[in-house]
Every structure is written in structure tokens, then in C-alpha cells.
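Here are my notes on the model you sent. They are set out as numbered points, to be read beside the structure.

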Amino acid sequence: MASGNALSRSLPELDTGPQGQPILVQSKESPEGWAPKLTESSPTTKVYKRRWIIVTLFCLYSMSNAYQWIHLNIIANIITKYYNASLPEDRFQRETTVDWLSMIYMLAYIPLIFPSTFLLNKKGLRVCAIAGAFLNVLGAWLKVACISPDRFAVLMFAQTVCAIAQIFILGLPAKIAAVWFGPNEVSTATSLGVFGNQVGVAIGFLVPPILVPNSDSLEQIGDDLSIMFYAGAGYMTLLFILVIIIFKERPPHPPSKAQMLALQNVHEEHYGRSLLNLFKNVGFDILTITYGVNTGCYYAISTLLNPIILDYFPGHEESAGQIGLTIVIAGVGGSIAAGIWLDRTRTYKGTTLGIYFLSMAGMVAFTFTLDLGLLWVVFLCAGALGFFMTGYLPVGFEFAAEITYPESEGTSSGLLNASAQFFGIILTIGCRAMINKVGTLGSNILISGTLLLGTICTGFIAADYRRQEAGKEILDQMDNVMQIEISEKESEKSRIAEPRSRDNQI
């Protein structure tokens, strides 16, 4: 590959222990705490059972924040009715204002991704996890104070606090996988990290229409909202306490040599230089755009699912939530299947391109079956759409990690997510305008066409698997060290045997 020489220069010489193997110990100078150093201890790398507790806790924490992203927009017509007194009079402005309860998550992420990624690289996982959990629970409790038709501004502020919390979440799955999991578990661990976020979205689709049914009584709607907000705040308070007690920065020993070197490079490199290296990577630039388009389409569909379904099936608020749930649950299966497939095949580009094309096909099917009037067909097409569109999320993270190695996974995934937020805002506003001016069919065709363009662009990304190449070079270095050690031992044996041979001759 073209990157081979550059990788050779980026890999430091490894110190070795008594058996000729590179040895790693904890270092206070590195935020990850690992550095090559001569020591008598072994083994070099180790995976710990605690890694499953860490990733599970992160999943729950990510789930709660994702729930808060969508739990208001899936009942957008009810929110609009309840807070009508504090919303604009114009219909398009009123509906777009409610849409911003979702889009504020996207808007907040774009300017804050760079300082948050810098904080992740310099301060580590634990600091970011605690900061995110605190903002998450703060936003949840602020929503408790929003139960009044004239307090939409307070609700928007509370949602903004939750949106800021997400910047400490979306970039963590790849980082947690790299710090805690072995080389054959990285893709699966990343998928599990994304899994928690998707389950949160699923709950956000399913629960609100049940807890807050449509009613002509504003007082009844207020009581139902109060129950939903108090329950969410209590759960997120418990999670915040668990994060403080349980969530750890790193294991005592790194899980893999390739990831140890990448994390060491994060500490040694300049953050601005790392960003520049990423922007100079043409493959990553294209992937940033295509990832943003795919995920932005998912954000637009999720935000506008309530009006899309109600346009074809009036009065079916709960069905809209259940269709959203179907999209997400199928996507969870797609994410896990994609992670396992990548761990076994390492075919990152082929998998990315295939899933992208199938996402587009699923959207086309969803678009042209809505007017059949058959809910079971809509559920089926929504499941197919979710399986591939949501299954694309961890694939994009891992493909980026491969083609940008040894740059930090937190930086690359952060840029991917920033692109997703940017396209999410554009597509949501564009689709809302299409719904009001042309109709729901026009907005769905817009998304289908956008996914087609994304599929074509994905085909131009080079399969430059730098992380795999680095792993091979490390193994080659270890083999060379072992061969030298064996040669030295054989030479020593020859020197010892030579005097004995002379004595026997005498």
C-alpha cells in the first residue's frame, strides 16, 4: 500500500523484555497511561472482564441521552398543541420551532465537537463520561420545570443542555473499544457502543406516545408530560451516580499493541496537526461527506416521522412511535451484524458500500409503499430501512479508523458526527419545507435521491487499510526480535560447545 512507508516511520522502536517481546507499563505522562518501557513483568497486553461492565454502563448512559433527543418530536403534534401559546402563529414557523427540539442536538454538536475532542484526547474517557452524565441529568431535571403552556423557551433551554451532553457521548464508542478491547473485538465493541444510543432512540419512539396520548385537555397533557419528565430525571440521576463510581479511565495493561501505539501517538502529536492530517486524507474527506449524508437522512426521518406517518394514517400517533421503534430495533441488529462481519472479514470498503446501497433501496421501498394504506407493509419496509441505515453507523466509524490510522479514533469519529449533524439540519429543514409545499412524497423522494448520491461517492473511497497494515508491521517487528533472540541463543550454545569439543579431542 501507499501508506506502508509512512507507517514504518510512525512506528517507534519497541523495547523488549527478557523473552524478546515488547513490554508496556503504565506511565503517568500519557492520558491512557501506557508507554513502551523495559520491565521484568509480562504479559505485554491483556484484556479484562471489566471491559464488559464499562461498555454496558456506557450503553445505558448513551441510551438516556439518545432518548431525550427524540422523545419530544415523536409526539410533535401533542407538543405543538400544549405549548401553542408560546409558539409562533405562522404554521411553518410553529412546526419548524418544534423541529428544533431535535435539531438543537445537531446544531450544538457542530461548534463544540473540536473542544470536546481535544478534551477527550487530553483528559481521557472518565472526565468526558462524567461531564456528559452531569449535563444529561441537569437537562432532564430542567424539563421538570417546563410543565406550563407558556414555557416552551424553558423546554428548549433544557433540550439544549441535553444536546451539549451528547458531544461527550457520540465520539466515545471507538475510543472505548480501542482502550479496553482486544484486536478481534474492536468492531464488535464499537457496535455495542452505538447499540446503546440506538436503544435510547427506540425507547424515545415507543414510550412517549404511550405516556402522553393525544387529548383535548391541556391539563391532562401537562400531567402526562410531568410523569414522563420526572421518570426520566430519576433514571438519569441514578446513571450519573453509577458513572462516577464505576466508570474507569483504562485497564492496567493495553488490550492490543496496535492500539497502544495509536494511543501513544495521540499523546505525542499536536491536536491541530492531527486535524490537518485528517483533512489531507482524501478518502477520509469523502467518507466524512457520505457518512454525514447517510446519518443526516436518518436524523431527518426520525425527526419528521410523526408528520410523515400521520399524513398517511391520521390519528395513529402510537403507530408512528412503533414504526420508529421498528426502524431502530432492526438497526440494532444491523449494527451488531455489521460489527461481527467486519471483525471476521475486515472488508471495510465493500461492507460500507454494500450497506449504503441497501439503505438507499430501503428508503425507496419505504417511500412508495406508504400510500398502499397497509400498516404491516410500512412496518416491514421500515425494518429493512433501519437494518441497513442504522447498521451503517459503526461501519462508518471503523472504516474511518482504518483509513486514518494512527490518528485518534475520537477525532475521526467526532468529525464524522459533525458532518452528520450538519447534513441532518439541512435535510430536516429541507424535508419540512417539502412536506408543507409539495407533500410527504416529495420529502421522501428527496431523501432517496440524496442517498443515491452518497452511494456513488462512497465508491470513490480507496480501501487504504492502514490499521491492518500497522498490525502486520508490529508482528513483523516482533518476529524479527524473536529471530534475533533465537540466533543469539544458538550462537551462545555454539561458543559453549566449542571448548568442550576441543577437550574431547585432546
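1. Contact here means heavy atoms within 4.5 Å. By that rule, and not counting residues up to four places away in sequence, Phe-366 touches Ile-309, Val-378, Cys-381, Ala-382 and Leu-385.

2. On the source: this is a predicted model, in which local features need pLDDT of at least 70 and side-chain atom pairs count only at pLDDT 80 or more, while totals for chains, interfaces and linings use all residues. Residues are numbered from 1 along each chain as its sequence is written, and side-chain values use heavy atoms, with hydrogens and water left out.

3. Phe-366 and Ile-309 are also among the residues with the most contacts inside the largest nonpolar core, which has 128 residues. A nonpolar core is a set of buried Ala, Val, Leu, Ile, Met, Phe, Trp, Tyr and Cys residues joined through side-chain atoms within 4.5 Å. Helix H12 gives the most to this core, with 13 residues.

4. Helix H12 covers residues 282–312; helices are DSSP runs (H or I, at least four residues) numbered from the N terminus. Its 31 residues reach 43 Å from first C-alpha to last, close to the 45 Å expected at 1.5 Å a residue, where the expected span is 1.5 Å times one less than the number of residues. H12 bends by about 60 degrees at Leu-304, and Pro-307 follows within four residues. The bend is the angle between axes fitted to the seven residues ending at a residue and the seven starting there.

5. How many of the 31 residues of H12 are buried? The count is 25, so H12 is largely enclosed by the rest of the structure. Buried means under 20% relative accessible area, exposed over 50%, and partly exposed in between (1.4 Å probe, protein chains only).

6. The whole structure holds eleven aromatic pairs. Rings of Phe, Tyr and Trp (its six-membered ring) pair if their centres lie within 6.5 Å; planes under 30 degrees apart count as stacked, over 60 as edge-to-face and the rest as tilted. Trp-141 and Tyr-230 are edge-to-face because their planes stand at 80 degrees, with centres 6.2 Å apart. Trp-141 lies in helix H5 and Tyr-230 in helix H9, so the pair ties together parts 89 residues apart in sequence. Trp-141 is partly exposed at 40%, and Tyr-230 is partly exposed at 47%.

7. Tyr-356 and Tyr-392 also form an edge-to-face pair, with centres 5.2 Å apart and planes at 75 degrees. This pair links helix H14 to helix H16, the two residues being 36 apart. Tyr-356 is buried at 0% relative accessibility, and Tyr-392 is buried at 0%.
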